[in-house]
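Okay, thanks for having me, everyone. I'd like to talk about aromatic rings today, and then about a pair of helices. Have a look at this one first.

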Amino acid sequence: MANIAVVYHSGYGHTQRLAQAVAEGAGAQLIAIDADGNLPEGGWDTLAGADAIILGSPTYMAGPSWQFKKFADASSKPWFSQSWKDKLFAGFTNSASTNGDKQITLDYLFHLAMQHGGLWVGAGLLPANSKAAARNDVNWIGAFSGAMAQSPSDASAAEMFAGDLETGRLLGQRVASMAARLAA
């Protein structure tokens with residue numbers, strides 16, 4: 001079984017809930033970036049030992065949170081030694097608006113993974129884009145490069161859409177499946 005880590009920042013709990021769904025699907029260990037942009041004790045070691053790293057951040061003002069960017073900048077040490085090269089990577093994000101420029105955040109996560117010489121795993125899900133599609137369907141937002149979730153600004157993390165959480169779980173499951181195939 002592959003060793004997978006989900007490293008994420010969550011400002012209000014919504015991205016944390018999505019991270020939990022992704023980790024459930026992947027059988028992954030969660031690593032929360034704190035309010036100051038730091039990893040917990042042993043976080044860097046966990047990432048060094050991971051076969052796959054799934055990155056998550058809320059989308060704030062058309063990009064990842066500053067706390068996530070601080071983590072990304074601090075990843076220059078593993079970048080310099082190329083210690084994350086050839087690991088699998090994937091990403092997810094959440095914002096209050098249906099679009100909310102979430103694609104920019106996923107692009108940021110993708111480019112961070114490419115800087116590290118990683119291999120990107122997209123969602124691999126068809127969009128729920130028929131007339132019969134409902135808001136709780138899997139991949140209702142129609143993301144291909146990762147998992148996107150939308151949480152209304154006046155909704156708690158407990159009120160997140162089931163389809164968004166399932167989309168995250170399926171992304172995690174796909175990363176785990178790809179990691180197992182590469183290990184074989």
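So, when I say buried, I mean a residue with under 20% relative accessible area. And keep in mind that this is a predicted model. With that cut-off, F68 and F71 are both buried.

What do those two do with each other? A search of the whole structure turns up 9 aromatic pairs. F68 and F71 make an edge-to-face pair, with 5.4 Å centre to centre and 65 degrees between the planes. They both sit in helix α3, which covers residues 66–74, and because they are 3 residues apart, about one helical turn separates them.

Now compare W84 and F89. Their ring centres are 6.3 Å apart and the planes are at 50 degrees, so we call that pair tilted. W84 and F89 are buried too.

And which residues make up the aromatic cluster? W44, F68, F71, W84, F89 and Y108 form one cluster.

On to the helices. The axes of α3 and α5, the latter being residues 102–115, come within 11 Å and cross at roughly 10 degrees. That angle makes α3 roughly parallel to α5. Who touches whom? On the α3 side we have F68, K69 and A72, and on the α5 side Y108, L109 and L112. Sorted by type, the contact has 5 nonpolar residues, no polar ones and 1 charged.

One last thing, on another ring: R135 lies over the face of F161, at 4.0 Å from the ring centre. That's it from me, thanks!

Definitions and conventions. Residues numbered from 1 in each chain as written. Predicted model: local features only at pLDDT ≥ 70, side-chain atom pairs only at ≥ 80, totals over all residues. Heavy atoms only, no water. Phe/Tyr/Trp six-rings, centres within 6.5 Å; stacked < 30°, edge-to-face > 60°. Helix = DSSP H or I, 4+ residues; strand = E, 2+ residues; numbered from the N terminus. Buried < 20%, exposed > 50% of the residue type's maximum accessible area, 1.4 Å probe, protein only. Lys NZ or Arg CZ within 6 Å of the ring centre and 35° of its normal. Axes fitted to C-alpha atoms, helices over the stretch in contact; angles between N-to-C directions. Parallel < 35°, antiparallel > 145°, perpendicular 65-115°, else oblique. Contact = heavy atoms within 4.5 Å. Nonpolar A, V, L, I, M, F, W, Y, C, P; charged D, E, K, R; others polar.
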